Structure formats: C-alpha cells, structure tokens
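Me: I've got this model open and would like to go through it piece by piece. Shall we take it as questions and answers?

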Amino acid sequence: MTFITKNTIRHLALIFTASLLSGIFFILPDFIIYPTTGPKGTIYTILHWGLNCIPLFFLYYLLSINKYVFAVTIPPLFLVGTLIGYYSYFYKATLTPMILDATFHNDIGTSLDVISPLLIVFVVLSIFISILFIRFRFRKISISKPVFHLLGSLTILILLFSINKRVTTSFYQHFPFSLYYNFSEYRKLNTNKNLDRTYPDTVFNYNSEENLTVVFIIGESLRADHLSINGYHRNTTPLLAKQNNLVSYTNIYSEYTYTNPSVAHIMTRADSVHTERSKTETSFVTQFNNSGFYTSWIANQDAAITYYSFMAECDTLIYVNPQKSVYTYSNWIDEDILPEMDKMLDRNDKNRLLILHTIGNHWYYDSHYSEKFKVFKPTTRSKILTQNTTEEMTNSYDNSILYTDFFIDSVIKRIEGMNAILIYLSDHGEALGEEGNWLHASDNKYLKNPACLVWYSDIYKEKYGEKVEALKANSKKRYRTDFLYHSILSAAKIPSSIIEDELDIFWTSSGVPTP
Ligand SMILES: [Zn+2]
C-alpha cells in the first residue's frame, strides 16, 4: 500500500512539474503583455493563466499513462511549446491560421524567420528536460489499472472543455490546444476556399482601357459619428478635413455588427433579401480580374472562413501581421500595410484593385495607434472593461481614429497623382458605453452606422466628372452596406450586367450614364 502511494505521488509530481514548467515557459508569455491595472488586475491575470494550465495538467496526465506514448509525445510538445513561448515573449507573436497559411501558401514578410542563438539554447534545453521527464517516467513510475486513469483524465478533459464557450475559447488560444485549434481553422479556411461559388455576372475577358487604380479600405469598428468631418465635437480627422476631393457618407446602415458576416456581405452581391449570396457567389474581385485589373488583398486582420475565398480570388494575398490575433495585446498598427501597398504600386499594372483590410479601431484600442497619436488622455489601462472609465475608453477610441485619419491620408498621398478612386467602409460601428453597451457584435444602433468615405483624384474627376457629381449628390442618402458591391464596379467602369443603379453611389436618376 505504501509503495502505491509513493508511486502515485511521484506520478503526480512528474505531471505537476511538467505542467508548471510548460505553464511558465509556454503559456505565461501570452499573459505578461495583458494590460491590467492594480492588484485586482494582477489577480485576474494570474487566475486566467492558472485556468489555462489546468487542461494541460490533465493532458500530460493522459499522455503519461502509457510510458511509450509519453516518450513519443513529450519531446515534440516541449519543442513546439518552446517555439510558441519564445515568439510570444520576444516578438509578441502568436500562432494563427494566417501564420500557417503564410507558411504553406504565401510569402511571410515578418521578422519571425529570425532564428537566434538564444532560441537554439532554449530548444536544446527543452529537449534535454523532456528526456529527463521520460527517464523519470520509465524508471520511477508504474501505473496499474491504466484504463481507470485513462477514463478519469479523459472525462475531466472533456468536462473542462464543456464548462462554457469563453473558457473553451481561452484554452484554444494557448499552448498546447492552440496547435489543434489553429491547424483546424487553417484547414477549414482552405476547404471553404475551394467550395464552388457561382460567378453572377455576364462580363468575361473585358479588357479595360481605363488606367485606373481602385483602392478599397475595409475599416474596422469605426462609427460615423466620431469623425470630426461628420460633426463630432473633437478634432479626430484633422488630415482628412484638408482633403478637397473627399466625400463622407454619413447615412450608411450595416445590418451586421461583427466582422465575419459583415465583410462577406460587403464583398458580394448579397442584400437584405438575398443574404445567402455572401455564401454562394464570388465577390467583386472576380469581376475586376475578368476586366484586366491586377487584384491584391493586403490583410492586417485575421482571415475568416466567411471571406477567405474572396482573399483567395485576388492575384496576390499578403498578410502583414499574420502573427497577431485579437487575443494579443501588443502594438498592431495599420502603417504596416503601407510598404506592401508601395510594392503593389511599384508593379506598374495598368489597372489595379487594392483591398486593404485594416485592424482600424478594434478593441484593444491602444494597441492600434502609435504613441504620437496619444492625444486624448487619460487612456485605458486595462483589457478588463470594468477597470476603465467611460472617459478613458472614449479617449483611447478617439486616439485610434486620429490614427485612422493619418492612415487613410497616407494611402491618399500615395495615389493622388494617379487616375484613382478610394472607398473606405467600416464593417460596423462600436458601442462606447451607451445603455451599458460596449465594443461590438451585439445588437444596438451604435454598431449600425459605420463610417464611409470616398476620395477621388483630380485626374479621376477630370475623366469621370459625372460620376463625381453623382457621388456628391448622393452623399446624404441612406444606403445599406449592400451599396458597396455595385458602387465599386461602377467606380471602376466595369461593364457589369448586374449593377443596380439604386445601389450605385456613382449614379443619379438625374441622368448619369452607367458604364
Ligand atoms: Zn469588425
């Protein structure tokens, strides 16, 4: 009996040590950068970290029941854990489906390919430690009734993953379950990409003679009423205010209040009657492809299943920050898009469509603007909403708009000498404490009036004066985000057979010819 107890203690000590080391080196780096404030914030972070170590303990327990399984699984797990912990700690980078996509399909233009001597030391050390664990397991531990242990640990794991959705989501964001989650998300993205979608148009192989640059910026969480050019009391858009060729559409309605369905809706012919088109039809990108435009998508956001196939429709797909997820609380800014945009402009394609998917004004606001734009103070100090005041939340959000103002202005500066048109449309708005609502993805009116801006170059105005006149004339009209699909085809003079004039902001009933 005494022997069994000692054996059990040794077994638990082994699993506990392995979990603690993994927790500290593989999971804790994710939590160190969490912005929180005061002892309450620290306790919250420690509890959150501890919670994520619990399923790891039972996974190690499960793997340790058979010593051969333990010997085969522990070294690769420690190796991958070391890589994840290292990049999380030193590069604020996390494993994402985009990292995998970039690794397998695209160029990855980040600093992540740096392999330092320190990383090699960590890797060697982790393999050495895993061998010590395996030795201990083989020499000091024997397990009787393995089926009992197997069923016990498996049941606890299943229960842990069934507590609630938020807890499960958290488990999937951290080692080792992030491995499973991100590979399965990556697989889903690629399966979805290959699903057959129908091409709704009758225009094929049209050779556009226009010499035109079309830029579509997909904004994030920017509500129209927080822009000073729309009458907001704070000066949040000083640079855009100086742009003469800018038209603000203040009356856009977004049915969807979070990114995934909203972007899919915007990119396709879907409308309030035919919502399913976002799932069954190709996006406007294919019309551009078929009209001789070189198309590129520069993503500073997660790829989601709902719109990944549209990204894949583009000739080029670039992820500028594939190592970031909305669960990383570190500097993640849209300026990183600009060098990639410059590369696309340097290609000198005659006609081109650039889609810039921005992180924009997404929570955690302070991560998405640089220090220079910290104008409204005090700003938020914690990712825990209740630790911030309404004033701090609003200040941080407005600072992120100052940054968006700078970003859009920087994009305009790059194309102002060309025959060019730019459309900016945010995917939805953001609640800032109204009636107790915060952030987005809920159902309230503060999320349904996204910012929308259109800018045209002088050359564009000269060439298509009637379109510009219509654009100005329509600016106070109310449109659903359905307008985008029809309007961007019209802006590019693509002779589509399916543009609905009433949804085309470049058309007026007073007699502007359709292309
Ligand atoms: Zn969004």
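**Loops, sheet and helix pairs**

Me: Is Lys-145 buried or exposed?

Reply: Count the other C-beta atoms within 10 Å, with C-beta placed from the backbone: 20 or more is buried, 12 or fewer is exposed, and anything in between is partly exposed. Lys-145 has 10 of them, so it comes out as exposed.

Me: Where does Lys-145 sit, and what is its phi?

Reply: Before going on, this is a predicted model: local features need pLDDT of at least 70, side-chain atom pairs count only at pLDDT 80 or more, and totals for chains, interfaces and linings use all residues. Numbering starts from 1 along each chain as its sequence is written. Lys-145 is in the loop between helix H5 (117-140) and H6, with helices (H or I, at least four residues) and strands (E, at least two) being DSSP runs numbered from the N terminus. Though not a glycine, Lys-145 has a positive phi of about 50°.

Me: What about Asn-348: where is it, and is it buried or exposed?

Reply: Most residues other than glycine have a negative phi. Asn-348 is not a glycine, yet its phi is positive, about 55°. You'll find Asn-348 in the loop between helix H13 (337-346) and S6. With 8 other C-beta atoms within 10 Å, Asn-348 is exposed.

Me: Which residues is Ser-382 in contact with, leaving aside its neighbours within four places in sequence?

Reply: Ser-382 belongs to the loop between S6 and helix H14 (390-415). With 19 other C-beta atoms within 10 Å, it is partly exposed. Its C-alpha is 34 Å from that of Met-311, 71 residues apart along the chain. Contact means C-beta atoms, placed from the backbone, within 7 Å, and Ser-382 has Pro-35, Thr-36, Thr-37, Gly-41, Gln-387 and Asn-388.

Me: Which strands stand at the edges of the sheet?

Reply: Seven strands make an open, mixed sheet in the order S2-S10-S7-S1-S6-S4-S5, where two strands pair if DSSP finds at least two bridges between them. From one strand to the next, the twist averages 15°. A strand with a single partner has one side left without a neighbour in the sheet, and that applies to S2 (246-248) and S5 (316-319).

Me: How many residues of strand S6 are buried?

Reply: S4 (residues 294-299) joins S6 through six parallel bridges, with Thr-295 opposite Leu-353. Both faces of S6 are covered: Arg-352, Leu-354 and Leu-356 are buried on one side, and Leu-353, Ile-355 and His-357 on the other. S6 (residues 352-357) is therefore largely enclosed by the rest of the structure, with the buried count at six of the six.

Me: At what angle do H4 and H8 cross, and which residues make the contact?

Reply: Axes are lines fitted to C-alpha atoms, for helices over the stretch in contact, with angles from 0 to 180 degrees between N-to-C directions. The axes of H4 (residues 97-104) and H8 (residues 177-193) come within 8 Å and cross at roughly 60°. They are therefore oblique (under 35 degrees is roughly parallel, over 145 roughly antiparallel, 65 to 115 roughly perpendicular, the rest oblique). The contact is made by Pro-97, Leu-100 and Asp-101 of H4 and Asn-182, Phe-183, Glu-185, Tyr-186 and Leu-189 of H8.

Me: Which elements do the buried residues of H4 pack against?

Reply: The buried residues of H4 are Pro-97, Met-98, Ile-99, Asp-101 and Ala-102. They pack against H8 and S5.

Me: How do the axes of H2 and H6 run relative to each other?

Reply: Ile-54, Pro-55, Phe-58, Leu-59, Tyr-61 and Leu-62 of H2 meet Leu-150, Ser-153, Leu-154, Ile-156, Leu-157 and Leu-160 of H6. The axes of H2 (residues 38-64) and H6 (residues 146-160) come within 9 Å and cross at roughly 155°. That makes the two helices roughly antiparallel.

Notes
Contact = placed C-beta atoms within 7 Å.
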